[in-house]
Amino acid sequence: MRLAGLVSFADWIGSNIRWFKFERQTTDLAAFYGEALDCARQALEDIGWPQMEKCTIGFQDLFGFPPRPLQGHTQKLLSNQSQPTLLLIEDQMGSGKTEAALYASLMLQNQVGHRGFYVALPTQATGNAMFERVGKKYLSKLGYTRPPDLQLIHGAALLDKRFEEMRLQIGEEAQHEQSVVAHEWFSHRKHGLLSPHAVGTVDQTLLSILNVGHHFVRLWGLGNRVVILDEVHAYELYTSTLIERLLAWLKAMNSSVILLSATLPEQVRHRLLKAWDSEIPQEDAPYPRITKADKGKAVVVGLETRALKYSIQPAPLEVEGLAKKLVELSQGGGAIGCIVNTVSRAQALYKAVQARLSEQSEKPTLKLFHARFPAHQRKEIEDWVIDHLGKDNKALRRSIVIATQTLEQSIDADFDVLVSDLCPIDLLLQRAGRLHRHNDPKAFERTLRGSHAKPILYVSGLAEDYSSLDLTLYYWHMVYDRATLLRTWAVLRHRLNTGAMLSLPHDLQGEHSLIEKVYGKGKLEGSFGPDFEQDLSAAMEKLEEDRKKERRLAKDSALIRPERFFEHVPDDDRKIDDENPQLNKNFRAVTRLGEPSVTVVLLERREGKLYSLQGVRVSLEEEPTFAHAKELLRTAVVLSNREIFDYLADKPIVSWKESALLRHVRVLELEDKRCVIGQLEVRLDDELGVVYERR
């Protein structure tokens, strides 16, 4: 794998006539070799291939505050590290895991000689937020003599303005005084993971262990690196199984890996360590903890952490009742957050809240945040949330934010009150991590007193008894498996019935762990009747069948483990890492399961002509320039509706075929901001995003 990656990388550069021209004819091989070396050095200089520098800056000088217990223990564990290692950090939301991981990465680069890092996030939105954080608050402060290269790697990276501002064309660096840059050569598809520093989605790392074209280049790019995987609990079993196989290959490629999680089930922890050829030691420590694995064994260090208590209260299930509750909560001021399970429910709730607020003279700011907005609009909303609800904004807030799972992972937002739909317990606790997130009086002063001074988590669907609990009413069963929702409901109902609060870290430790009560197979506390037991039993059987299928599918899709690689060289079953919706799913490399999706540019037809959402005339007969393609892509939206996918998959735009950005993008023509596909009306609303309405 190393040799294949190195040869491809060398070929990409050596076959480029910019550096190696067709003009040399000589019989003096020594002279030829000397000239070739000069050309090679110039090529590496031009693309920004760095000589790695060491940096010994202290933690406080780097981040501006002294290390907390988590960060201090991380430094102690790595103080004499001389070989690659696996570090698994489990601690509460907002505890400083990111800073601990970044400083651990710096220590490993200095001591082990790793060539930079890659930070892998669950989504593009979390990747964008982490990209700015890593560039501004970390890399730019290391004091390297040459500005370090930092890449943003995901499908819409070129649409991020901060990334675009950092990008340098070859030869431009001397004209810029940026502390962090993004060299143009690394921005090309398949080149990104070769950059020494990058932030992106976890999918980019998983393509390195799927049998796709040049997967070995990606794997070689991740070799001898520090790979940081954030929110490792957030993935379905299929993706989680691929991550296990990735760990085995990263270990073989002499990389170190840092895994971060706030709510990791014990069985997943066991599988991750096993993938690194290690296991949980007998002298284990309760959550929160750091596990370090190398030389075939693991050591665990327990952590001190702040105690958090959340009061649980039921919230209405129906949209109108929930809207009334949100408006009532906003009367006390502060930032009110509401995370629901589907986009359609978020849109309906937004309209209901908006109608109630119309009667008030002084209204809180109302925001809707989900993935079905055009890209530029979604980015504006995402930036607003981070700017107004993050740690750096200490002003008195008065707002209501209604969001989907886009707000669940790695977005630094702090709410004074949080309302959530019923969802799996680990994800519910992740959502709760946005409630009073910044409560350290030295770093963040909560200006509100009274009704919002104590953290209260309201859960929609929790007030129902089992006979009236309908998981199909708002399609929650289509988002999460039924068994996990039922067990979560039962665990929370028992808490509600007994008046117990959510208490962290206590509720994540040992026999008290809510994660194990939901994801384990043990008997649940409380009695909910024979109908519940029968329904749960059937749901658990189906879940076990689905889990077996997912693990088998993931293992069949991934490269075989390194030590058995030559038992099955996978050249005869090559998959395609392509977003072409025309591809049969059996031929496509899949990093996540789920409904097929298609990226759509929305165009408006007026008087027989097409216009972009910005009002610019668009011709589908002409090949777009790169700049024009980017502007069109800024208005795109990813839609995962099956009817829309089937309708658009076989309708490529011929003139976009050669466009790197648009070749797999489809066009949805709107008249009066709507179109009809079969029995489905698709409508673009300025406030709601893309709306589906069944005719």
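Mentor: Let's start with a term: buried means under 20% relative accessible area, exposed over 50%, and partly exposed in between, using a 1.4 Å probe and protein chains only. Helices (H or I, at least four residues) and strands (E, at least two) are DSSP runs, numbered from the N terminus. Keep in mind that this is a predicted model, where local features need pLDDT of at least 70, side-chain atom pairs count only at pLDDT 80 or more, and totals for chains, interfaces and linings use all residues. Residues are numbered from 1 along each chain as its sequence is written, and side-chain values use heavy atoms, with hydrogens and water left out.

Trainee: Okay, how many residues of strand 6 are buried?

Mentor: Five of the five residues in strand 6 (residues 197-201) are buried, so the strand is mostly covered.

Trainee: And which way does strand 2 run against strand 6, parallel or antiparallel?

Mentor: Two strands pair if DSSP finds at least two bridges between them. Strand 2 (residues 117-121) runs parallel to strand 6, with five bridges joining them; Phe-117 has His-197 as its bridge partner there. Strand 3 (residues 151-153) also pairs with strand 6 in the parallel sense, over three bridges, and Ile-153 is partnered by Gly-200.
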